[in-house]
Amino acid sequence: MSLEVLAERSAELFAKGFGEAPRWIVAAPGRVNLIGEHTDYNDGFVLPMAIDRYTVIAADRNSLRQVIAHSDTTGETASFSVRPPIPRGTPGWSNYLRGVIAGFQALGRKIGGFNAVIDSEIPYGGGLASSAALEVATATLLEVMHGPALPPVEKALLCQKAEHDYAGVPCGIMDQFTSVLAQKDHALLLDCRSRTPQLVPMSDPGVTVLIINTNVRHKLAEGEYAKRRTECETAARILQVPALRDATLADLEKARPRLDPVVFRRARHVITENQRTLDFARAIQASDWPEVGRLMYASHHSLREDYQVSCAELDALVEIARSLGPDQGVIGCRMTGGGFGGCAVCLIHTDAQRRLTRKFEELYEARTGNHAPIYSSRPGGGARVLKP
Ligand code: GLA
């Protein structure tokens, strides 16, 4: 579905639910990370791009000092008062709105009540940053309702804080940053310390990004995420560096006797993944596809063995990609996002897309008994106002 059609659908739903056309419509994209996984909260490098799948919010003011928001995805309606302090509450997804509104209030902005319909094409819990898209769409709505617009980095940080404080996930900055700042036909090489993005052109029509959804989400995901973050902080403390970004493999080797073996492996993943991300950005700009593929498989291997955030279904997809190989048009493949399910990202030669899509579906189903939805996406732009 195109963004225009999604926007129209949300406007219709709004009119049906609230009896008039929405005053505003805003959209924010999900993202897929090409490489640089679990490096953002270590002040490292990531290389995501926005996908052309969005969360859309159609809205208008109300006079109730209440948010009344209907999610077409879950069929639930959230209603809560905007009087500060806004508590956490139900349904679960309303916390993303609550957190972002609280963030604007903390900046001194007076937020009034509004009615909203939320519609999304980003699979929930699929590792494509559906929660960041909802936060960023909410922030974009509040900017048009109660302007002026925030500086983009400040907006991304406000959304990240909403996720920390209201959803209890100590995430890094990658997802919110991409949803705010992405540029069409480009990936973003983001230095998560300086928070400066460098645009990496990705406009070669001969190469396509496939996103293959395992269609599973293992329960471990959130608790294990927080645990990894703590393990990285422990490693940095023992290595006496501000963040793992500052450590080399030689430093790590030297400290090995003082490190718990698990913590050692976590740190090894982060240190090597940072280097792979920089190498990948260079390789993609040189259209060096064998090197791009090598780095993607190496990243997956490191996430599976050292960081231990993969799962059987993600491994199955990466093995299928490897077995099809360059002869059949596969450049490389790896898990993407936090892990424990969700999606794999696969770079392929565009002329093989049809055949490869069929093959992935067939082989994944044969191995796991699950159906894998497959999307392809060009790198899209960041959040925007569709009806100002
Ligand atoms: C989740 C988090 C991001 C990042 C990735 C792993 O998507 O929200 O900040 O840490 O996991 O790379």
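Predicted model: local features only at pLDDT ≥ 70, side-chain atom pairs only at ≥ 80, totals over all residues.

Residues are numbered from 1 along each chain as its sequence is written, and side-chain values use heavy atoms, with hydrogens and water left out.

**Exercise 1.** Find the domains and the distance between their C-alpha centres.

*Solution.* Start with the assignment, which comes from an automatic or database source: domain 1 covers 3-202 + 380-387, and domain 2 covers 207-377. Next, take the C-alpha centres, which lie 26 Å apart. Finally, look at the contact (heavy atoms within 4.5 Å): domain 1 gives 38 residues and domain 2 gives 44 residues.

**Exercise 2.** Describe the largest nonpolar core.

*Solution.* Begin with the term: such a core is a set of buried (under 20% relative accessible area, 1.4 Å probe, protein chains only) Ala, Val, Leu, Ile, Met, Phe, Trp, Tyr and Cys residues joined through side-chain atoms within 4.5 Å. The largest one has 46 residues, and Leu244, Cys346 and Phe360 have the most contacts inside it. At least three of its residues come from each of domain 1 and domain 2.

**Exercise 3.** Which residues does Phe360 touch, leaving aside neighbours within four places in sequence?

*Solution.* Search around the Phe360 side chain in your viewer. The contacts of Phe360 are Leu210, Ile212, Leu317, Ile320, Ala321, Leu324, Cys346 and Ile374. Then look beyond this core: another one, apart from it, has 43 residues, including Ile57 and Tyr166.

Methods
Buried < 20%, exposed > 50% of the residue type's maximum accessible area, 1.4 Å probe, protein only.
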